[in-house]
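Open the model in your viewer and keep the sequence panel beside it. The stops below each begin with a selection.

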Amino acid sequence: MARKALTKREKTLRLLQTGKNVTWETLRSKLDLTSPRAMIDTLRSEGNCIYVNTFKGKTAYRMGEPSKGVIAAGLKALSGTDYSYSS
């Protein structure tokens, strides 16, 4: 019985979940992505916290935990207040 092949989205997500920086070139060549940025945007829209880093003129992506400031900004955008509950 054959295993189900992983999609490019699943492969990208697994690679990012290692916690290491993944360069744009790696996503383009290793996973054969036409537009790595579009895949990153898709994963972000699904709720994954993916950061972009630039070093030595190259772009790299890394999955991480959102900071308190990012969470606070999201709550403020959704509820209109600085707090999750309104009294």
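Two strands count as paired if DSSP finds at least two bridges between them. With that in mind, select residues 50-55, strand β2, in this predicted model. β2 runs antiparallel to β3, and the two are paired over 6 bridges. Now pick N53 and look across to β3, where A60 stands opposite. Next, go to the turn: the hairpin formed by β2 and β3 leaves 2 residues between the strands. K56 lies in that turn, with a positive phi of about 55°.

Next, the core. Select L13, L16, V22, L27, L31, L33, M39, I40, L43, I50, Y61 and M63; these 12 residues form the largest nonpolar core. Colour by element and three contributors stand out: α1 (8-16), α3 (36-45) and β3 (58-63) each supply at least two of its residues. The greatest share comes from α3, with 3 residues. In soluble globular proteins, nonpolar side chains tend to be buried together.

Leaving aside residues up to four places away in sequence, M39 is in contact with K8, R9, T12 and L33.

Move on to residues 68-79, helix α4. This helix has 12 residues and spans 16 Å from first C-alpha to last, close to the 16 Å expected at 1.5 Å a residue. Step just past the end of α4 to G80, which takes a positive phi of about 85°.

How values were computed
Residues numbered from 1 in each chain as written. Predicted model: local features only at pLDDT ≥ 70, side-chain atom pairs only at ≥ 80, totals over all residues. Heavy atoms only, no water. Helix = DSSP H or I, 4+ residues; strand = E, 2+ residues; numbered from the N terminus. Expected span 1.5 Å × (residues − 1). Core = buried A, V, L, I, M, F, W, Y, C linked by side-chain atoms within 4.5 Å. Buried < 20%, exposed > 50% of the residue type's maximum accessible area, 1.4 Å probe, protein only. Contact = heavy atoms within 4.5 Å.
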